[in-house]
Amino acid sequence: MGIIRRRDGAETVTDETQDKALELLYHTAPGRAALKLLVQPWVSALGGAVLEHPLSTVLIPPFIRHYHIDLSQYEKETYRSYNAFFTRQIRPSARPVDKTPEALISPCDAKLTVYPIAPDSTFPIKHSRYRVSDLLGCSRLAKGFAGGQCLIFRLTVEDYHRYCYPDDGVKSKNRLLGSELHTVNPIALEGYNIYKRNCRSACLLNTAHFGRIAMIEVGALMVGKIVNHHGAGPVRRGQEKGMFRFGGSTVVLLLEKDAAVLDGDILQNSAEGVETAVHYGERIGTAALP
């Protein structure tokens with residue numbers, strides 16, 4: 001799958017090693033048998049406990065080498081576990097937040113694809129089709145986003161795994177949905193309605209510049225926990241909303257009709273079936289509301 005880097009226009013592809021492992025899990029009989037066990041929440045919790053153990057630090061150096069992680073971008077600290085490293089805090093200067101009021105910002109480092117939302121219909125996400133109501137767990141709420149846009153931010157293991165609010169506003173309480181933890185790699189999406197099955201946390205944001213936004217965090221295979229910091233109340237653009245524990249994960253933003261105009265390169269890439277690599281806090285569009 002192609003990914004376009006915005007900073008230089010270069011095209012990359014997803015990690016083939018991970019893809020081959022997922023092919024075995026989702027497309028072979030022994031793999032599917034193993035998957036029935038792996039998707040159980042207690043297995044993910046056990047994996048999370050292992051990654052919290054001090055001995056898990058042995059995994060950090062090879063990970064840094066394999067994914068070419070630039071530690072100079074992150075706050076200096078001594079990591080007491082692999083999960084502590086995985087949720088490492090980036091320096092604010094490395095992820096400046098666009099404060100322009102009309103700028104729609106990316107909530108995270110991720111590979112972004114944008115889809116239109118038609119009333120009472122489905123929309124494609126990497127070789128399968130999903131309803132907005134599957135993501136929100138509510139058909140009534142889903143109707144409010146008819147004619148809007150669905151923004152899929154796919155995080156892979158090398159990405160910064162903290163995420164922020166896309167604008168100033170007031171958020172609702174977090175609503176936890178689902179129980180199974182599947183991977184969100186596109187290969188998995190070919191045969192499973194992953195976004196419907198996965199554990200996820202959803203909330204509504206009544207924002208200052210983009211109307212109502214639904215923000216959903218989706219857990220993935222071997223992610224022990226989605227950690228959100230706040231309940232209902234006021235929030236700020238660029239304020240850290242939460243983090244994912246180990247694994248590839250996804251953030252979804254649902255925008256109402258005419259709420260924002262996404263940047264042209266993102267729309268073009270999405271139309272061509274190519275993801276756009278974006279960073280936490282960078283502009284990805286502008287407000288269309290008066």
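Helices here are DSSP runs of H or I with at least four residues, strands are runs of E with at least two, and both are numbered from the N terminus. H68 is not a glycine, and most residues other than glycine have a negative phi. H68 sits in the loop between helix 4 and helix 5. With a relative accessible area of 69%, H68 is exposed; the cut-offs are under 20% for buried, over 50% for exposed and partly exposed in between, using a 1.4 Å probe and protein chains only.

A word on what you're looking at: this is a predicted model, in which local features need pLDDT of at least 70 and side-chain atom pairs count only at pLDDT 80 or more, while totals for chains, interfaces and linings use all residues. Residues are numbered from 1 along each chain as its sequence is written, and side-chain values use heavy atoms, with hydrogens and water left out.

Now step back to the whole chain. The protein chain has 10 helices and 19 strands, and 52% of its 290 residues count as buried. Contact means heavy atoms within 4.5 Å. Among contacts in the protein chain with a separation of 6 or more, 74% are between residues 24 or more positions apart.

Back to helix 4, which covers residues 60–67 and has I60, F63 and I64 as its buried residues. Seen down the helix axis, these buried residues fall within an arc of 100 degrees, so they line one face of helix 4; the arc is that of the directions from the helix axis to the C-beta atoms.

Rings of Phe, Tyr and Trp (its six-membered ring) pair if their centres lie within 6.5 Å; planes under 30 degrees apart count as stacked, over 60 as edge-to-face and the rest as tilted. By that rule there are 9 aromatic pairs. One of them is the edge-to-face pair of F63 and Y82, at 5.9 Å centre to centre and 85 degrees between the planes. This pair links F63 in helix 4 with Y82 in helix 5, 19 residues apart. F63 counts as buried at 8% relative accessibility, and Y82 counts as buried at 3%. Ring pairs also link F63, Y67, Y79, Y82, F85 and F86 into a cluster.

Next, the charged side chains. A salt bridge is a side-chain nitrogen of Lys or Arg within 4 Å of a carboxyl oxygen of Asp or Glu, and the count by this rule is 13. R6 meets D263 in a salt bridge (3.0 Å, N to O). R6 lies in the loop between strand 1 (2–5) and strand 2 (11–13), and D263 in the loop between strand 17 and helix 10 (264–271), so the pair ties together parts that are 257 residues apart in sequence. R6 is partly exposed at 25% relative accessibility, whereas D263 is buried at 10%. R6 also meets E282 in a salt bridge (3.0 Å, N to O). That pair links distant parts of the chain, with E282 in the loop between strand 18 and strand 19, 276 residues from R6.

Elsewhere, E240 and R162 form a salt bridge (3.0 Å, N to O). E240 is in strand 15 (residues 240–244) and R162 in strand 8, 78 residues apart, and both are buried. As for shared partners, salt bridges join R6, D263, D265, E282 and R283 into one network.

E240 also leads us to one last stop, H230. Where does H230 lie? H230 is in the loop between strand 13 (226–228) and strand 14 (233–235). Leaving out residues up to four places away in sequence, H230 touches Y165, K171, N174, Q239, E240 and K241.
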